[in-house]
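Subject: Structure handover

Hi,

Here is the structure I promised you. Please open it next to this email and follow along.

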Amino acid sequence: MAHIIVVGNEKGGSGKSTTSMHVATALSRMGHRVGALDLDVRQRSFGRYLENRAAFAAREGLDLPTPLLAELSRDGNDGGDDPLSAVVGALDESCDFILIDCPGSHTKLAQMAHALADTLITPMNDSFIDFDLLARMSPEGKVLAPSIYAEMVWNARQLRGQAGAGPIDWIVLRNRLGTQEMHNKRKVGTALASLSKRIGFRVAAGFAERVIFRELFPRGLTLLDLRDIGTAQLSMSNIAARQELRDLVTELRLPGVNAAF
């Protein structure tokens, strides 16, 4: 069966689509068969990113490793039937990995996707505003109780247990780490380390804030494609970003994956 990776967080702007695109294409570049699914049926940032990639590759005559994008119906969030299982089942027949990008809000489809996850990646900006989705804190900085998103992950774990499925490997990804506000960064790190032991997730470093990520989207490119399009000399920032991606893929500990790129 395909290993299912879900990228989820109930807050927008945390870097879910950028993370989804780079992990999915990195796996494709390493020779794995990757299926992709965007559950945000309105905005479709991940789906549009992959469509931009296909259009750019066709226009430039390039053979860029690309995940197979599957589609949900536009009314997929409306109750009734289960549109997710059918699409995932179809991808499962031909894929080693299926990456599902969830919207930045609570939806029925996102909740269902979390229960399917073998690996769950939760990108968050390095701030207590994003931390509030995981846990409530006292003004003194003490973790009081899990919050709404952590409770949803707990429910997904319960559903998997009832179905006899394996555990969810949950990774919280600290995105947009900056060099400034070191005191706040330490406080967030300490709070995450404490909470991780309490509700069961691993903490990993994600991507720093870089202009390059905003520039790649219109052409559907990732950091690993720059040399394919004739960028012979990479800037120090680009080299550092590639290392961040390599570290992330390694930290995910996906079955049969060696981050050799």
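How many salt bridges does a search of the whole structure find? The search finds 14. A salt bridge here is a side-chain nitrogen of Lys or Arg within 4 Å of a carboxyl oxygen of Asp or Glu. Side chains of opposite charge can pair when their charged atoms come close.

Two notes before the details. This is a predicted model, in which local features need pLDDT of at least 70 and side-chain atom pairs count only at pLDDT 80 or more, while totals for chains, interfaces and linings use all residues. Residues are numbered from 1 along each chain as its sequence is written, and side-chain values use heavy atoms, with hydrogens and water left out.

**D130 and K11**

Start with this salt bridge. The N to O distance between the side chains of D130 and K11 is 3.3 Å. D130 lies in helix α5 (residues 128-131) and K11 in the loop between β1 (3-7) and α1 (16-29), so the pair ties together parts 119 residues apart in sequence. Helices (H or I, at least four residues) and strands (E, at least two) are DSSP runs, numbered from the N terminus.

Are these two residues buried or exposed? D130 counts as buried because its relative accessibility is 3%. K11 is partly exposed, at 24%. Buried means under 20% relative accessible area, exposed means over 50%, and partly exposed is in between (1.4 Å probe, protein chains only).

**D225 and R53**

Here the side chains meet in a salt bridge at 2.6 Å, N to O. D225 sits in the loop between α8 (211-216) and α9, and R53 sits in helix α2 (residues 45-60). The pair links distant parts of the chain, 172 residues apart. Both D225 and R53 are buried.

Which residues are linked with them in a network of salt bridges? The network joins R29, R53, D225 and D228.

**R202 and D169**

The closest N and O atoms of this salt bridge are 2.7 Å apart. R202 lies in strand β9 (residues 202-205) and D169 in strand β8 (residues 169-175), so the pair ties together parts 33 residues apart in sequence. R202 is buried, with a relative accessible area of 16%. D169 counts as partly exposed at 25%.

**N238**

Last, look at helix α9 (residues 236-252), where N238 lies. N238 counts as buried because its relative accessibility is 11%. Leaving out residues up to four places away in sequence, N238 touches I212 and L226. Contact means heavy atoms within 4.5 Å.

Best wishes
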